[in-house]
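I opened this entry to keep track of what I looked up, and in what order.

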Amino acid sequence: MSGRRRIHRQVDADHSKICFKPCGIRRVALEEVELFEDEMEAIRLADYEGLYQQECADKMGISRTTFSRLIESARKKIADALLHTKALIIKIN
């Protein structure tokens with residue numbers, strides 16, 4: 001699928017080499033869900049730091065509407081991994 005190239009977004013934390021998987025199941029046997037680094041940063045800012053969307057967007061150097069789409073995508077991917085026993089892989093943009 002072609003589309004617009006992903007632009008660089010300000011990410012303050014290093015999310016590389018992170019993977020989460022269900023206990024007791026080998027990773028090679030699991031489907032994977034890829035969470036982009038900027039989606040992980042959106043989760044960190046909004047859900048962990050508890051910032052408002054505009055504050056998060058400002059910290060990431062993006063618009064609030066772009067942040068809103070980013071956090072929605074991240075939450076959907078996390079829910080998919082949790083509900084359907086999939087590995088969650090953090091991918092560098």
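**Ground rules.** I am reading a predicted model, in which local features need pLDDT of at least 70 and side-chain atom pairs count only at pLDDT 80 or more, while totals for chains, interfaces and linings use all residues. Residues are numbered from 1 along each chain as its sequence is written, and side-chain values use heavy atoms, with hydrogens and water left out.

**The sheet.** I took helices (H or I, at least four residues) and strands (E, at least two) as DSSP runs numbered from the N terminus, and I counted two strands as paired if DSSP finds at least two bridges between them. On that basis I found an open sheet of three strands in the order β1-β3-β2, with mixed pairing. β1 (19–20) and β2 (32–36) stand at the edges with a single partner strand each, so one side of each has no neighbour in the sheet.

I then went through the pairings. β1 and β3 (residues 87–91) run antiparallel and are joined by two bridges: C19 has I89 as its bridge partner, and F20 stands opposite L88. β2 and β3 run parallel, joined by five bridges; among the facing residues I noted E34 opposite I89 and F36 opposite K91.

**Cover on the strands.** For burial I used relative accessible area, with buried under 20%, exposed over 50% and partly exposed in between (1.4 Å probe, protein chains only). β3 is mostly covered, as four of its five residues are buried. On β2, I listed V33 and L35 on the covered face, and E32, E34 and F36 on the uncovered one.

**Helices on the sheet.** I kept in mind that axes are lines fitted to C-alpha atoms, for helices over the stretch in contact, that angles run from 0 to 180 degrees between N-to-C directions, and that contact means heavy atoms within 4.5 Å. Helix α1 (residues 37–48) lies across β2 and β3, running at about 75 degrees to β2. Helix α3 (residues 64–83) also packs on the sheet, where it touches β2 and β3, and its direction makes about 155 degrees with that of β2.

**Helix against helix.** Which helix does α2 (residues 53–60) cross at roughly 100 degrees? It is α3, and the two axes come within 8 Å. The two helices are therefore roughly perpendicular (the term covers 65 to 115 degrees). I listed Q53, Q54, C56, A57 and M60 on the α2 side of the contact, and R64, F67, S68, L70 and I71 on the α3 side.

I also looked up which residues of α2 are buried, and these are C56, A57 and M60. Seen down the axis of α2, they fall within an arc of 100 degrees (taken from the directions from the helix axis to the C-beta atoms), so they line one face of the helix. What covers them includes α1 and α3.

**Two backbone positions.** Just after α2, G61 takes a positive phi of about 75 degrees. T85 has a positive phi of about 40 degrees although it is not a glycine; I located T85 in the loop between α3 and β3, where it is partly exposed, with a relative accessible area of 45%.

Technical notes. Parallel < 35°, antiparallel > 145°, perpendicular 65-115°, else oblique.
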